[in-house]
Amino acid sequence: VIGLSVALELALKNYKVKVISKSLKEATSWVAGGMLAPFSEGLRGEFLKLCRKSLSLYGEYLKRVEEVSKSRVEFRRGIYRVLDREQEELLREYLKEGVEFERLRLKDLDVVLYKQEGSVNSKELMLALIKALKRLKVEFVKDRVRLEGREVVGFRGRYYCELFVFCLGAWSRRYLKVPAFPQKGQIVELSPLKDLDRVIYSEGAYLIPRKSSFLIGATTETEGRFDRAKTLKKILELLNNAKKVLPEVENLELRKVEVGFRPKTPDLLPIFDLEDNLVFLTGHYRNGILLAPVSAKFVLDLLEGKGLEDYKIYSLKRFG
């Protein structure tokens with residue numbers, strides 16, 4: 001989602017853009033829960049500011065995607081966060097920072113409704129981005145590229161352009177000297193649940209209603225390797241956590257289990273960096289869908305010579 005969003009925003013500014021990918025189907029974004037949830041996630045400090053900035057850009061970003069692609073992307077405003085001790089402490093901080101929320105009683109649960117948050121159907125978003133780029137005549141090339149010094153090389157030969165933007169997600173460390181590595185997660189798809197209008201986010205599971213399905217996510221498992229096994233132990237743990245929140249999920253039809261790989265860094269923060277004409281955008285971990293608009297804005301700001309002070313803490317230099 002990061003690479004495609006960057007490509008779209010550049011193409012809309014009339015830059016000549018080419019998308020090079022080994023396989024678009026492998027992107028973790030296809031199996032993401034699609035939550036735009038900086039407050040439910042309990043984020044703080046400078047990273048919370050970055051996520052709030054991206055959240056504020058989301059409405060116009062989705063509007064552009066839909067207008068160019070001529071398709072609709074399912075979006076639901078607001079997230080119910082199950083209250084626990086940590087969330088109670090955070091509410092006091094968020095109140096001072098102007099976060100909109102409301103305490104509610106929902107299905108025997110004490111929850112807080114974060115009104116500025118939301119969820120997007122990540123599969124529909126990915127399809128719409130690809131469709132939009134094709135309508136803009138952006139060229140897609142199937143290749144696997146790597147860096148040789150400052151040269152970008154693939155099986156088709158060497159590539160030359162004014163600016164390369166590397167958005168390799170969990171695969172970053174395989175091709176670049178960048179400390180972003182995979183962390184496995186499993187997500188379960190069930191038949192739809194009709195009487196839930198928004199995501200319920202709890203510590204043990206998040207429950208995601210969609211028009212034609214219902215998702216329960218997501219496990220946090222193997223780190224550092226691409227383990228695609230669908231393990232019953234972790235799935236049962238996830239389903240039991242979901243059942244504690246919403247008992248009626250046990251009556252839904254099990255459709256499938258999918259595996260994805262979050263791009264994780266040692267400090268759990270993303271990487272936004274520029275070296276010569278190479279841009280590195282990776283390590284978005286649990287917030288890739290949310291951070292798509294601000295990641296694209298970072299590249300546009302680079303090209304337009306705008307100040308990048310807000311991104312300095314996400315530089316590769318922090319790793320030495």
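The side chains of glutamate 41 and arginine 286 meet in a salt bridge, with N and O 3.1 Å apart. Here a salt bridge is a side-chain nitrogen of Lys or Arg within 4 Å of a carboxyl oxygen of Asp or Glu. Glutamate 41 sits in the loop between strand S2 (35-36) and H2, and arginine 286 in the loop between strand S17 (278-282) and H7, so the pair ties together parts that are 245 residues apart in sequence. Helices (H or I, at least four residues) and strands (E, at least two) are DSSP runs, numbered from the N terminus. Arginine 286 is partly exposed, at 26% relative accessible area. Buried means under 20% relative accessible area, exposed means over 50%, and partly exposed lies in between (1.4 Å probe, protein chains only).

The model is predicted: local features need pLDDT of at least 70, side-chain atom pairs count only at pLDDT 80 or more, and totals for chains, interfaces and linings use all residues. Residues are numbered from 1 along each chain as its sequence is written, and side-chain values use heavy atoms, with hydrogens and water left out.

On a 1 Å grid over the protein atoms alone, a pocket is an open set of points where a 1.4 Å probe fits, with protein on both sides within 12 Å along at least five of seven lines; lining residues have an atom within 4 Å of a point. The space in this second largest pocket is about 430 Å³. Grid points are joined across faces, edges and corners, and the volume is the space filled by probe spheres set on the points. Helix H3 (residues 85-96) gives the largest share of the lining, three residues. By class, the lining has 10 nonpolar, eight polar and seven charged residues. Ala, Val, Leu, Ile, Met, Phe, Trp, Tyr, Cys and Pro count as nonpolar, Asp, Glu, Lys and Arg as charged, and the others, Gly among them, as polar.

At 14% relative accessibility, tyrosine 285 is buried. Aspartate 276 also has a positive phi, about 55°, although it is not a glycine. Aspartate 276 lies in the loop between strand S16 (271-275) and S17. At 61% relative accessible area, aspartate 276 is exposed.

Next comes helix H7. H7 (residues 288-303) has 16 residues and reaches 22 Å from its first C-alpha to its last. That is close to the 22 Å expected at 1.5 Å a residue, where the expected span is 1.5 Å times one less than the number of residues. H7 bends by about 25° at valine 294. The bend is the angle between axes fitted to the seven residues ending there and the seven starting there. Of the 16 residues of H7, 14 are buried, so the helix is largely enclosed by the rest of the structure. Just after H7, glycine 305 takes a positive phi of about 70°.

Now turn to helix H1. Nine of the 11 residues of H1 are buried, so this helix too is largely enclosed by the rest of the structure. Among them are Ile2, Leu4 and Val6. Glutamate 9 counts as buried, at 7% relative accessibility. The side chain of glutamate 9 meets that of arginine 64 in a salt bridge (2.7 Å, N to O). Glutamate 9 lies in H1 (residues 2-12) and arginine 64 in helix H2 (residues 45-69), so the pair ties together parts that are 55 residues apart in sequence. Arginine 64 is partly exposed, at 30% relative accessibility. Just after H1, asparagine 14 takes a positive phi of about 70°.

How many salt bridges does the rule count? The count comes to 34 salt bridges. One of them joins lysine 312 and glutamate 309, with the closest N and O atoms 3.3 Å apart. Lysine 312 is exposed, at 55%, and glutamate 309 is exposed, at 57%. Salt bridges that share partners join Arg146, Glu148, Glu151 and Arg158 into one network.

A last stop is the loop between S14 and H6, where alanine 218 is found. A cis peptide bond joins glycine 217 and alanine 218, with omega about -25°.
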